[in-house]
Amino acid sequence: MPGSAAARSSPTGSADLLTIGQVLARLKPEFPDLSNSKLRFLEERQLVTPVRTASGYRKFSSADVERLRFILGLQRDHYLPLKVIRQHLDDLDAGRPSTLPTGSAPVSMLSTVRRFSRADLLRETGASSALLDDAIASSLISPSDTYGDEPLAVLAALVELGRSGIEPRHLRSFRAAAERELSLIESALASVARRRDPAGRARVAELSRELAGQLEVVRTSLIRSALDRLDT
C-alpha cells in the first residue's frame with residue numbers, strides 16, 4: 001500500500017495520537033458533514049493511513065489531521081474526485097510539482113483555514129453591512145457566527161457586481177438553480193443512496209461532489225458561449 005509522507009511521519013507515542021472521535025471534534029467545525037464513515041472511507045481509499053493500536057483502534061497524528069483537512073478542503077472547494085486528489089497527494093509526497101486540475105496554483109498542505117467574524121468579512125471585502133444582510137436574505141450566504149473563504153469570495157463578488165447595478169435580490173434565481181441541480185444529483189444517486197452502510201454513504205458524498213463538478217463545467221461552458229455571442 002503506497003503510504004503518504006504525512007502518514008509515514010506519524011509519531012509512535014500514544015500521547016501524541018488522536019482517536020477518531022478527537023479528529024472529528026477538530027475537523028467538524030470546518031467540515032460539518034464529516035462522519036466516522038467518511039474518515040474510514042478515506043482510509044479505505046488509501047488517502048490517509050492512521051496507525052493501529054494492539055486492540056485494532058485507529059489513532060491519528062497531527063500530520064494525519066492536516067492531511068485530512070487538506071483532502072476535505074480540495075473536495076469542498078474544488079469538487080475534485082478522490083482519485084485526482086490521491087494523485088495530487090502522491091506528487092506532493094514525492095516532492096514533484098503539482099498543479100490542481102482546476103488550473104489553480106499548487107496548494108500547500110500546511111495552509112490554514114481562515115475564519116472571519118462579520119466585522120472581518122465586511123472589512124476584508126469593503127462591503128456594507130446592508131449588502132451582507134441582503135446576501136443572507138437572498139440565500140447567497142448562510143448566516144453564521146464566523147465565515148470562511150467561500151463567503152468572503154461571494155461577498156467580494158457582490159461588491160463588484162454592485163458597481164454595475166447587480167444586487168443580491170437579482171441573484172435569487174441562483175439559489176433556485178442550485179436547488180434544481182441538487183435534485184438532479186439526488187435523483188442520479190438514488191440507487192447508491194439506498195445503501196445504508198457507511199461505505200455507501202461515503203460513496204454518495206464523493207459522487208455528489210464529482211457530479212457537482214461536472215455540472216459546473218457545463219454551466220461555465222454555456223456562459224462562455226453566451227459571452228462569445230455578445231462579442232460578435
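Me: What is the phi of Gly126, the residue that follows helix 6?
Reply: The phi of Gly126 is positive, near 75 degrees. This is a predicted model: local features need pLDDT of at least 70, side-chain atom pairs count only at pLDDT 80 or more, and totals for chains, interfaces and linings use all residues. Residues are numbered from 1 along each chain as its sequence is written, and side-chain values use heavy atoms, with hydrogens and water left out.

Me: What makes a stretch count as a helix or a strand here?
Reply: Helices are DSSP runs of H or I, at least four residues, and strands are runs of E, at least two, numbered from the N terminus. The chain has 11 helices and two strands. Along the sequence the pattern reads α-α-α-β-β-α-α-α-α-α-α-α-α.

Me: Why are Leu121, Leu122 and Thr125 of helix 6 called buried?
Reply: Buried means under 20% relative accessible area (exposed is over 50%, partly exposed in between; 1.4 Å probe, protein chains only). Leu121, Leu122 and Thr125 are buried in helix 6, residues 118-125, so each is under 20%.

Me: How do you know that the buried residues of helix 6 line one face?
Reply: Take the directions from the helix axis to the C-beta atoms; the arc is that of these directions. For the buried residues of helix 6 they fall within an arc of 95 degrees, so one face is lined. An α-helix has 3.6 residues a turn, so residues three or four places apart point the same way.

Me: Which helices do the buried residues of helix 6 pack against?
Reply: They pack against helix 7 (129-137) and helix 8 (149-162). Contact means heavy atoms within 4.5 Å.

Me: What makes a set of residues a nonpolar core?
Reply: Its members are buried Ala, Val, Leu, Ile, Met, Phe, Trp, Tyr and Cys residues, joined through side-chain atoms within 4.5 Å. The largest such core has 24 residues; Val23, Leu27, Leu42, Leu68 and Ile85 have the most contacts inside it. Helix 2 (20-27), helix 3 (36-44), helix 4 (62-78) and helix 5 (82-93) each supply at least two residues. Helix 4 gives the most, with six.

Me: Which residues does Leu42 touch?
Reply: Leu42 touches Leu47, Val48, Leu68, Ile71, Leu72 and Leu82, leaving out residues up to four places away in sequence. Leu42 is also one of the buried residues of helix 3.

Me: Which residues belong to the other core, of 15 residues?
Reply: Among them are Leu122, Ala127, Ile141 and Tyr147. This core lies apart from the largest one.
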